[in-house]
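Please look through the sequence and the structure shown here before reading on.

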Amino acid sequence: MKKILAIALVALLTIVSVFAQATSETQSSSTKIVVGATPEPHAALLSLVVDDLAAQGITLEVKEFTDYVTPNDAVEYGEIDANYFQHIPYLESFNTEHGYHLVNAGGIHVEPIALYSKKYSSLSDIPNGAVIAIPNDPTNEGRAILLLQSAGLIKLKDNAGLEAIPLDIVENPKNLKFSEIEAATLPRILSDVDAAVINGNYAIPAGLVATRDGLYVEGADSPYVNVIAVKAGNENNPAVKALVEALKSDEVKAYVAEHYKNGEVVLVD
């Protein structure tokens, strides 16, 4: 009887050991990646690829942010693995300003910015002395000012680049005034100014459609591609590469085609 019990005990311990080893191997083969994103369209697109990545043994956690600074801080200091909210010129400017080491792991889409107004229905209606609100961060301010130049409202000096500021304006026939506002706040103060240049990821949640509501919309050749950003050295991480690839899937393309029919989001190859 004792011999039988001993054999049974050995068999049980063997089963437990094999199960524990299998569980350990499963856990070790599983990877988790935490990605910070602004709600739309970034977090919405990320949510589409959760299952695809899970099938590859990658757990994707999406952490939402509502500003442009905190998600970059979080990547730089290793609090999250990547973020998805910014375009390349902003990333490069942020690195220079803060001494950070963020890099582009893959371009995903462009969100054309536009000039919006609650008071006027065309560019020609904008009066002399009108107040135009623009983003106050260096890169998006430059982008906004370049948009206003493309619209024919102002003219910049020849050497004004992607980080142009109001002081670079050399011709302002309507004597426009510029109010520099945090980008996230622009939709909320739109009624308080004559017009505002608003980024797509803040315009979309506010119900603004560039091609429908915009007085002037950025061209399709925009250099402002939104990217997956990581800290330098992590751009070749297999989980990051899998994330970038997943965001180029047919499922994502179909979602964008259905939900952003008016060109609010344009995927890149």
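Which residues line the largest cavity? In this predicted model, the lining of the largest cavity is made up of Y68, F85, Q86, H87, Y90, E111, N140, R143, N199, N201 and N226.

**Cavities**

- The count of cavities of 30 Å³ or more comes to two, and the largest cavity has a volume of about 80 Å³.
- Two or more residues of the largest cavity's lining come from each of β3 (82–87) and α6, and β3 gives the most, with three residues.
- By residue type, the lining of the largest cavity divides into six polar, three nonpolar and two charged residues.
- The second largest cavity holds about 30 Å³ of space, and the residues that line it are P112, Y116, G200, A203, I204, L208, V209, A210 and E264.
- In the lining of the second largest cavity, seven residues are nonpolar, one is polar and one is charged.

- Eight nonpolar, three polar and four charged residues make up the lining of the largest pocket.
- For the lining of the second largest pocket, α6 gives the most, with four residues, while the lining divides by type into six nonpolar, three polar and three charged residues.

**Nonpolar cores**

- In soluble globular proteins, nonpolar side chains tend to be buried together.
- The largest nonpolar core in this model has 31 residues, and Y116, A196 and I198 are those with the most contacts inside it.
- The elements that each give two or more residues to this core are α4 (70–76), α5 (88–98), β4 (102–110), β5 (114–116), α7 (186–189), β10 (195–198), α8 (200–203) and β12 (225–231).
- Another core, of 30 residues, lies apart from the largest one, and its members include L46, I58, I108 and Y260.
- When neighbours within four places in sequence are left aside, A196 is in contact with A114, L115, Y116, A133, L186 and L190.
- Y116, one of the residues with the most contacts inside the largest core, is also among those that line the second largest cavity.

**The protein as a whole**

- The secondary structure comes to eleven helices and 13 strands.
- Of the 269 residues in the protein, 47% are buried.
- Among contacts between residues at least 6 apart in sequence, 75% join residues that are at least 24 apart.
- The protein exposes about 13,300 Å², and carbon and sulfur atoms supply 53% of this area.

Definitions and conventions. Residues are numbered from 1 along each chain as its sequence is written. This is a predicted model: local features need pLDDT of at least 70, side-chain atom pairs count only at pLDDT 80 or more; totals for chains, interfaces and linings use all residues. Side-chain values use heavy atoms; hydrogens and water are left out. A nonpolar core is a set of buried Ala, Val, Leu, Ile, Met, Phe, Trp, Tyr and Cys residues joined through side-chain atoms within 4.5 Å. Buried means under 20% relative accessible area, exposed over 50%, partly exposed in between (1.4 Å probe, protein chains only). Contact means heavy atoms within 4.5 Å. Accessible areas come from the Shrake-Rupley method with a 1.4 Å probe; for residues, only the protein chains shown count as cover. Ala, Val, Leu, Ile, Met, Phe, Trp, Tyr, Cys and Pro count as nonpolar, Asp, Glu, Lys and Arg as charged, and the others, Gly among them, as polar. On a 1 Å grid over the protein atoms alone, a cavity is a set of points where a 1.4 Å probe fits but cannot get out, and a pocket is an open set with protein on both sides within 12 Å along at least five of seven lines; lining residues have an atom within 4 Å of a point. Grid points are joined across faces, edges and corners, and a volume is the space filled by probe spheres set on the points.
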